[in-house]
Amino acid sequence: MTNFTAKDLDVLSHILTGEEMACKKARIYANTLTDAALAQEMDKIACAHAERFNALFTMLNGGKA
């Protein structure tokens with residue numbers, strides 16, 4: 001188990017918030033774009049943000065999802 005300092009947790013919290021917001025925005029864009037190719041790319045971007053969020057969240061939980 002990794003021991004995080006208060007500063008580490010603060011930084012990770014901000015990063016998690018940013019990844020969550022970026023994912024949500026990309027999903028909104030993917031659902032509102034009329035160009036199918038652009039919508040698909042936005043969906044890929046949203047998935048990438050979600051994967052990073054999940055990886056960080058898992059790391060914070062000591063490797064447990």
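Reader: Why is tyrosine 29 called partly exposed?

Author: Its relative accessible area is 43%. Buried means under 20%, exposed over 50%, and partly exposed in between, with a 1.4 Å probe and protein chains only; tyrosine 29 at 43% is therefore partly exposed. This is a predicted model, in which local features need pLDDT of at least 70, side-chain atom pairs count only at pLDDT 80 or more, and totals for chains, interfaces and linings use all residues. Residues are numbered from 1 along each chain as its sequence is written, and side-chain values use heavy atoms, with hydrogens and water left out.

Reader: What makes arginine 52 and glutamate 19 a salt bridge?

Author: The closest N and O atoms of the two residues are 3.2 Å apart. A salt bridge requires a side-chain nitrogen of Lys or Arg within 4 Å of a carboxyl oxygen of Asp or Glu, so the pair qualifies. The two residues link distant parts of the chain, arginine 52 lying in helix 2 and glutamate 19 in helix 1, 33 residues apart.

Reader: Why is glutamate 19 called buried?

Author: Glutamate 19 has a relative accessible area of 13%, under the 20% limit, and is therefore buried. Arginine 52, at 39%, is partly exposed.

Technical notes
Helix = DSSP H or I, 4+ residues; strand = E, 2+ residues; numbered from the N terminus.
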